[in-house]
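Please open the model in your viewer and keep the selection panel at hand.

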Amino acid sequence: MALLEITDLHASLVEEKVEILKGVNLKIEKGQIHAVMGPNGSGKSTLANVIMGNPKYKVTEGDIRFEGESILELPVDQRAKRGIFLSFQHPQEISGVRLRKFLISAKQAMGGKEPLLKLNREIEDIAEEVALNKEFLDRYLNLGFSGGEKKKSEILQFGFLKPKLAILDEIDSGLDVDALRTIAEAINKFKNDGMSILLITHYQRLLDYITPDHVHVYVNGQIITSDGPELARKIEEKGYTFLLEGIER
Ligand code: ADP
Ligand code: MG
Ligand code: MG
């Protein structure tokens, strides 16, 4: 049984009747990394949000199954509890909630019962792994964090919460090469621990450090082609247009 299986998924904004997802098919097994690459505005973030259950979007056709069960009727928190995590392209700043406290509450909401001392130690270890200075743990969530620090805080969150599926939406944007490498190493480690990862990215450069099991090209609300990691290089060299030749849009 696949961890995540998306079949003929169509979705639109609740407020406008414009269809953004136009029949997405995607199957992710446990421990796999899938990269979804596509031009801006093609609906990549929408796909991520629809998998997570963002109520701004409405599924009009198709299904999303997680561990064999449809999750379409589940609200965001129930999906999180089952083990789906979404790292946002633009992480929210939340005043009044400190990162450390946020992590511990989220873990407890997912049913975690480890003693605080152990949780705190684990948080500090992962912060070190992603090269996020420990002082950030006691700051308000993302408030005044630089772009790179926000992304590291996102990686820390999923490294600590250990979801079964992590959806990373443009985790590479705004990162310098050192931060990119650090984050890639952390992602590779989580994969080796058995986590499945859906890596949404506009650029190929993250894939210099992470080798996905499958690469999907996503254009205008649909996956138009899928292949191994070499597909990402082709896109880097030739752009997306070569794939669009002969495809009706
Ligand atoms: P990508 O992440 O590939 O750049 P998005 O999923 O963000 O693409 O957006 C796809 C299209 O849907 C865009 O035309 C965008 O303007 C529109 N869209 C997505 N979400 C919203 C929203 N919440 N409100 C208005 N338009 C949206
Ligand atoms: Mg269809
Ligand atoms: Mg996006």
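Two strands are taken to pair if DSSP finds at least two bridges between them. The model is predicted, and this criterion is applied to it in the stops that follow.

**Confidence.** Colour the protein by pLDDT to begin. The mean pLDDT is 91, and 98% of the residues reach 70 or more. For the complex, the predictor gives an ipTM of 0.95 together with a pTM of 0.92.

**A parallel pair.** Select residues 33-37, which form strand 3, and residues 214-219, which form strand 11. These two strands run parallel and are joined by four bridges. Within the selection, display Val36: the residue opposite it in strand 11 is His216.

**Helix 1.** Next, select residues 44-52. Is this helix largely enclosed by the rest of the structure, or open to the outside? Eight of its nine residues are buried, so helix 1 is largely enclosed by the rest of the structure. Show side chains for the buried set: Lys44, Thr46, Leu47, Ala48, Asn49, Val50, Ile51 and Met52.

**After the helix.** Finally, move to Gly53, which follows helix 1. The phi of Gly53 is positive, near 95°.

Terms used:
Residues numbered from 1 in each chain as written. Chains lettered and ligands numbered in written order. Predicted model: local features only at pLDDT ≥ 70, side-chain atom pairs only at ≥ 80, totals over all residues. pLDDT = per-residue confidence, 0-100. Buried ≥ 20, exposed ≤ 12 C-beta atoms within 10 Å, placed from the backbone.
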